Amino acid sequence: MIVSSGAVAAGKKFIPKYKGTLEQRKAAAAIGNPLLVLKYATYFKPFRIALAQSLCERHHFSNREQFLQLKNTYETLWKNNIIPIANENDVVSNKELKFSDNDELATLIATGFGASKLLFCTTVPGVLDEKGTVIREIQEIDKNILSLARKDKSSVGLGGMTSKLNFARLATQMGIEVVIFNMDGDDHIIKAVKGEVGTICRAQPIKVPSRRKWMASGSLIKGLVTVDKGALAALKSRKSLLAVGVVDIVEHFEVGEVFHIADQDGTIHAVAKSKVDSLTLQANHRTKNVEIAHADDIVLI
């Protein structure tokens, strides 16, 4: 399947005195989405491959039932040799609940639907080292690799290399191989699939149920807590999160909502589904054996 930028870019030329306001972007997307799919269709038609348009919103992934409906629809399309062209539904999306960019949307689909490979096409030939040379293979995306990211972004999209590396890190931690490449050459998509161009980010060994993959990637994160070293060590040993290990509540959450768990330096290590709300956590901060999230509802990332 394809997640594509370009709807707003394709539609904005039809709006006189376009200045990029939120309303104008929504209108441009409404015009540009069918034009974008039509463009793709002209290239797929000789191969007798039909296309479908899939306009996604954040709640399609944060709501488990809607997510499964979306997954079933995609599987029906694939069974009939139809490729979905996915994009955000900019016409109605709430700006507070938007995807950060199409890198995020692609990662949510890849992790949620069980992809084995995710390709990020960008304007540079891959992840570049300090000398500007393409790094052909990355075994693990750590802080050193993230520091190499350029701060630019494409003229028709929202994401840059920082975005791609951050979402590549999540995807590889969910067992998906990621290739970051550009299209400056013949058959570069085929070559990227084969690992012949770009930067290959190797998948990390992981075996987690699909529901926990959905929690890590698709659920709408509502809160954030920081924990001490003891609590972090317990999490890494697959134990539950207890109130006594929480140092600070950075962002509040309700019962059943998903929240991030970070160390005291701000590095996020896990997501979890809450058993209590953050006010209850606050009130029982020093109480022993108060479980904030059960081990089965915690996913290390």
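Colleague: Why does V3 count as partly exposed?

Modeller: Buried means under 20% relative accessible area, exposed means over 50%, and partly exposed is what lies in between, with a 1.4 Å probe and protein chains only. V3 has a relative accessibility of 24%, so it counts as partly exposed. One thing to keep in mind: this is a predicted model, where local features need pLDDT of at least 70 and side-chain atom pairs count only at pLDDT 80 or more, while totals for chains, interfaces and linings use all residues. Residues are numbered from 1 along each chain as its sequence is written, and side-chain values use heavy atoms, with hydrogens and water left out.

Colleague: Thanks! Where is V3, and which residues is it in contact with?

Modeller: V3 sits in strand β1; helices (H or I, at least four residues) and strands (E, at least two) are DSSP runs, numbered from the N terminus. Contact means heavy atoms within 4.5 Å. Setting aside neighbours within four places in sequence, V3 is in contact with A86, N102, L105, A106 and I109.

Colleague: What makes S4 buried or exposed?

Modeller: The relative accessibility of S4 is 4%, so S4 counts as buried. S4 belongs to the loop between β1 (2–3) and α1 (7–11). Beyond four places in sequence, its contacts are L36, Y40, I85, A86, N87 and N102.

Colleague: How do you know that the buried residues of α4 line one face of the helix?

Modeller: They are F67, L70, K71, Y74 and L77. Viewed down the axis of α4, these residues fall within an arc of 120°, so they line one face; the arc is that of the directions from the helix axis to the C-beta atoms. In general, an α-helix has 3.6 residues a turn, so residues three or four places apart point the same way. On the face of α4 turned away from the buried side are the exposed residues E65 and K79.

Colleague: What makes the span of α4 close to the expected one?

Modeller: The expected span is 1.5 Å times one less than the number of residues. α4 (residues 64–79) has 16 residues and reaches 23 Å from its first C-alpha to its last, against 22 Å expected.

Colleague: Why are α5 and α7 called roughly parallel?

Modeller: Angles under 35 degrees count as roughly parallel, over 145 as roughly antiparallel, 65 to 115 as roughly perpendicular and the rest as oblique. Axes are lines fitted to C-alpha atoms, for helices over the stretch in contact, and angles run from 0 to 180 degrees between N-to-C directions. Helices α5 (residues 102–112) and α7 (residues 161–173) pack at about 10°, with axes 9 Å apart. The pair is therefore roughly parallel.

Colleague: Which residues meet there?

Modeller: From α5 come D103, E104, T107 and T111, and from α7 come S163, K164, F167, L170 and A171.

Colleague: What makes the phi of R48 and D187 worth a look?

Modeller: Most residues other than glycine have a negative phi. R48 has a positive phi near 55°, and D187 likewise has a positive phi near 55°. R48 lies in the loop between α2 (22–44) and β2 (50–56), and D187 in the loop between β6 (177–181) and α8 (188–194). With relative accessible areas of 76% for R48 and 52% for D187, each counts as exposed.
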